[in-house]
Amino acid sequence: MNKRELLKYERALLAEKQRILKQGRATDEVMDAATPDATGDLTSHRTYSADQGTENYQREMASRFKTIETDTLRQIEDALKRIADGTYGICTSCGEPVPKARLEVVPHAQFCMNCLKKRKR
Ligand SMILES: [Zn+2]
């Protein structure tokens, strides 16, 4: 892979990272909003108990997103490291090149299609 291509993927990775971090802040706000006020007294808390189910649901969804975000961010960081050490675009499992068509869609992809299929099984 030439330098120009690497730069292109690096830009794509950084853009994706920014997008996730931005989205992550939005998720944090949902988490905060859904967290019952720790200093709130019981009387005010009881008033909102009807909304408790919705709050729990929002909180659960937010934490689920959070897990996916953290996971993807880690993969992006790994891919950036591989760009730095010159192993980007090479399957981390078998050492075969990852198809560029796949990198276009998933710039942080670390497996070729064969290894991906094997791992999903
Ligand atoms: Zn592979």
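Student: Which elements of the chain have the lowest and the highest mean pLDDT?

Tutor: Helix H2 (residues 42–47) has the lowest, 51, and helix H4 (residues 100–105) the highest, 94. pLDDT is the predictor's confidence in each residue, from 0 to 100. This is a predicted model: local features need pLDDT of at least 70, side-chain atom pairs count only at pLDDT 80 or more, and totals for chains, interfaces and linings use all residues. Residues are numbered from 1 along each chain as its sequence is written.

Student: What is the average pLDDT of the chain?

Tutor: The average is 87, and 86% of the residues score at least 70. Where pLDDT is low, the predicted coordinates should not be read in detail.

Student: How do you know that the reach of helix H3 is close to the expected one?

Tutor: Helix H3 (residues 52–85) has 34 residues. The expected span is 1.5 Å times one less than the number of residues. After H3 comes Gly86, with a positive phi near 80°.

Student: Why is Leu21 called exposed?

Tutor: Leu21 has 11 other C-beta atoms within 10 Å. Leu21 lies in helix H1 (residues 3–34).

Student: Why does Ala26 count as exposed?

Tutor: Ala26 has 11 C-beta neighbours inside 10 Å, so Ala26 counts as exposed. Its place is in helix H1.

Student: Which residues form the largest nonpolar core?

Tutor: There are seven: Tyr9, Leu13, Ala79, Tyr88, Val98, Leu103 and Cys112. A nonpolar core is a set of buried Ala, Val, Leu, Ile, Met, Phe, Trp, Tyr and Cys residues joined through C-beta atoms within 7 Å. In the whole chain of 121 residues, 8% count as buried.

Technical notes
Helices (H or I, at least four residues) and strands (E, at least two) are DSSP runs, numbered from the N terminus. A residue is buried if 20 or more other C-beta atoms lie within 10 Å of its own, exposed if 12 or fewer, and partly exposed in between; C-beta atoms are placed from the backbone.
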